[in-house]
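Here is a friendly walk through one protein model, going from single contacts to the overall fold. Have a look at the structure first, and then we can go through it together.

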Amino acid sequence: MRRKAYVPGVAALLAALLAGCTGGSADGGSETDSKGSDTGTVAPARPGKYRTLPEACSAVGHDTLDTLLPGIEQIADEKQREKAYAGEATPTYDTDRRDGCRWKVESTSASDRLLVDFERVASYDNTVSDDNKAREIYAGKETAADLPEPAGSGSASGPTAGSGTGAPGSDASASSTPSAPSSSSSASASAPSASASVTPADLQPRTLDDVGDEAFLDDRLSAAATARARTVTVVFRTSNVIVTIEYAEQPTASTEAPDSKEMQDRARKLAQKLADTLDG
C-alpha cells in the first residue's frame, strides 16, 4: 500500500513541473513574437528619374554648332570639318554617371570654345533620394557662382557687385566726376555715363526660370586690355541630372568684347535643347 501511495505523489510532482514549463514557454513565445513583428524598417528613398545619360558629343546638332562656333563652316577640308563637328569627349570612367564633350574652333575673327557636361547623381544614402542629392550639389554650384542680388531686392551691393562680369566699361569709378557734386543738375547730367557703364539687369548673372527644375546663368569677361574673352556658363538641374554648358569667345585682334546678349541667347537655347533631349 505504501508503494501505491508513492507513485501518485511522483506523478503529481512531474505534472506540476510540466505545467510550469508549459506556461513559461507560452510567455516566452509571446515576447518573441511581439519583438519580431516590430522590425522598424524604413523604406529607401526614391531613385532618380534618370538611369543613363545621353552621349554628350552627339547631343549638340550641326546646326547648333554652326551658330555657336561660326568658324566651323570656314574649315575647307571636309575631314577636318567633320572632326570639328565630332568634338572631343572628356575622359570618364562611367558614361552612365558622367559624360562630356569639348569643341574648339578658330575663325577669321575669333576663337570659340564650347563644353557640355552631363552628371547623373546617385545617392548612396538610403535616407536621401537621388533628386535631393542632386539638388544639394546644384546648390553648391550656384553658391560658388556668387550671383549678384536680383534688381530691386534692396541690396546695397549694386548691380555689378559680386558678378565678376567685367562688362565693357564696368570701371564706372573711372568715369568723369561732376565738378559740382552738390548740384542736382550736375548729378543728373552724370547719370547717363554711369548707367552706360553698367551691364543691363536682364543680362546680369542670374537664376533662370525656364530651363529644367532649376538653373542659373553666369557671364564673365576677362580683364585683359586686348582681345577680351567672354565666358557664358549655364548650369541646370533636371531631376537627378546636372548639366553644365560653358561657351567662350575671344576675338583674335579686336579689343571690343564679345556681345553678351548674343552669347547668352545662344547658351540658353542650347540649354533648353539639352533639357528636351533628356526628357525625350
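This is a predicted model: local features need pLDDT of at least 70, side-chain atom pairs count only at pLDDT 80 or more; totals for chains, interfaces and linings use all residues.

## A buried asparagine

Asn-240 sits in the loop that runs between β6 (230-238) and β7 (241-251).

Beyond the neighbours within four places in sequence, Asn-240 is in contact with Gly-48, Lys-49 and Tyr-50, with Glu-119, Arg-120 and Val-121, and with Asp-130, Asp-131 and Ala-134.

## An exposed alanine in another loop

In space, the C-alpha atoms of Ala-253 and Ala-110 are 7.9 Å apart, although 143 residues separate the two in sequence.

## The aromatic pair

How many aromatic pairs does the count give? There is one. The ring centres of Tyr-138 and Phe-216 are 5.8 Å apart and the planes make an angle of 55 degrees, so this pair is classed as tilted. Tyr-138 lies in helix α5 (residues 130-145) and Phe-216 in strand β5 (residues 214-221), so the pair links distant parts of the chain, 78 residues apart. Both Tyr-138 and Phe-216 are buried.

## Salt bridges

The structure has 12 salt bridges. One of them joins Lys-133 to Glu-136, with 3.9 Å between the closest N and O atoms. These two residues are three apart in helix α5, which means that about one helical turn separates them. Lys-133 is partly exposed at 29% relative accessible area, while Glu-136 counts as exposed at 51%.

Glu-214 pairs with Arg-237, the closest N and O atoms being 2.7 Å apart; Glu-214 is in β5 and Arg-237 in β6, 23 residues apart. Here Glu-214 is partly exposed, with a relative accessible area of 21%, whereas Arg-237 is buried at 4%. Asp-219 and Arg-230 also form a salt bridge, with closest N and O atoms 2.7 Å apart. This pair links Asp-219 in β5 with Arg-230 in β6, 11 residues apart. Asp-219 is buried at 1% relative accessible area, and Arg-230 is buried at 2%.

## Strands β1 to β3

Strand β1 (residues 88-89) runs antiparallel to strand β2 (residues 98-106), and two bridges join them. Ala-89 is opposite Cys-101 of β2. Strand β2 in turn pairs with strand β3 (residues 110-120), again in the antiparallel sense, over nine bridges. With three residues between them, β2 and β3 form a hairpin.

Which residue in β3 is the bridge partner of Arg-98? It is Glu-119. Arg-98 and Glu-119 also take part, together with Asp-117, in a network of salt bridges.

## The whole chain

Stepping back, the protein has seven helices and seven strands, arranged along the sequence as α-α-α-α-β-β-β-α-α-β-β-β-β-α. Of its 280 residues, 34% count as buried. Among contacts between residues at least 6 apart in sequence, 63% join residues at least 24 apart. The accessible surface comes to about 16700 Å², and carbon and sulfur atoms account for 52% of it.

Terms used. Residues are numbered from 1 along each chain as its sequence is written. Side-chain values use heavy atoms; hydrogens and water are left out. Helices (H or I, at least four residues) and strands (E, at least two) are DSSP runs, numbered from the N terminus. Buried means under 20% relative accessible area, exposed over 50%, partly exposed in between (1.4 Å probe, protein chains only). Contact means heavy atoms within 4.5 Å. Accessible areas come from the Shrake-Rupley method with a 1.4 Å probe; for residues, only the protein chains shown count as cover. Rings of Phe, Tyr and Trp (its six-membered ring) pair if their centres lie within 6.5 Å; planes under 30 degrees apart count as stacked, over 60 as edge-to-face and the rest as tilted. Two strands pair if DSSP finds at least two bridges between them. A salt bridge is a side-chain nitrogen of Lys or Arg within 4 Å of a carboxyl oxygen of Asp or Glu.
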